[in-house]
Amino acid sequence: MSYTTAVRRWLVDGDDVVYECRDCGTMLEPTDWECPSCGSVEIAEYDVSAFQ
């Protein structure tokens, strides 16, 4: 994960952003750096307000 993504995660309100493992699709908490289901560090983040 890039530093930019990490800082953005820290600054953005967690209610407006959804985090999902790119490998297995597990929904993650904003503080998760690794998927608890498959161990992947490939985490996608989606801004929910963009879909509303």
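On the ground rules, the model is predicted, with local features needing pLDDT of at least 70 and side-chain atom pairs counting only at pLDDT 80 or more, while totals for chains, interfaces and linings use all residues. Residues are numbered from 1 along each chain as its sequence is written, and side-chain values use heavy atoms, with hydrogens and water left out.

Let me begin with the sheet, which is open and antiparallel, with three strands in the order 2-1-3; strands here are DSSP runs of E of at least two residues, numbered from the N terminus, and two of them pair if DSSP finds at least two bridges between them. Strand 2 and strand 3 (43–47) are at the edges and have a single partner strand each, so one side of each lacks a neighbour in the sheet. Strand 1 and strand 3 are joined by five bridges, and C21 has I43 of strand 3 as its bridge partner.

Those two residues, C21 and I43, also belong to the largest nonpolar core, together with V17, Y19, L28 and C35; such a core is a set of buried Ala, Val, Leu, Ile, Met, Phe, Trp, Tyr and Cys residues joined through side-chain atoms within 4.5 Å, buried being under 20% relative accessible area with a 1.4 Å probe, protein chains only.

Finally, D23 lies in the loop between strand 1 (17–21) and strand 2 (27–28), and counts as exposed because its relative accessibility is 55%, the cut-off being over 50%.

Notes. Helices (H or I, at least four residues) and strands (E, at least two) are DSSP runs, numbered from the N terminus.
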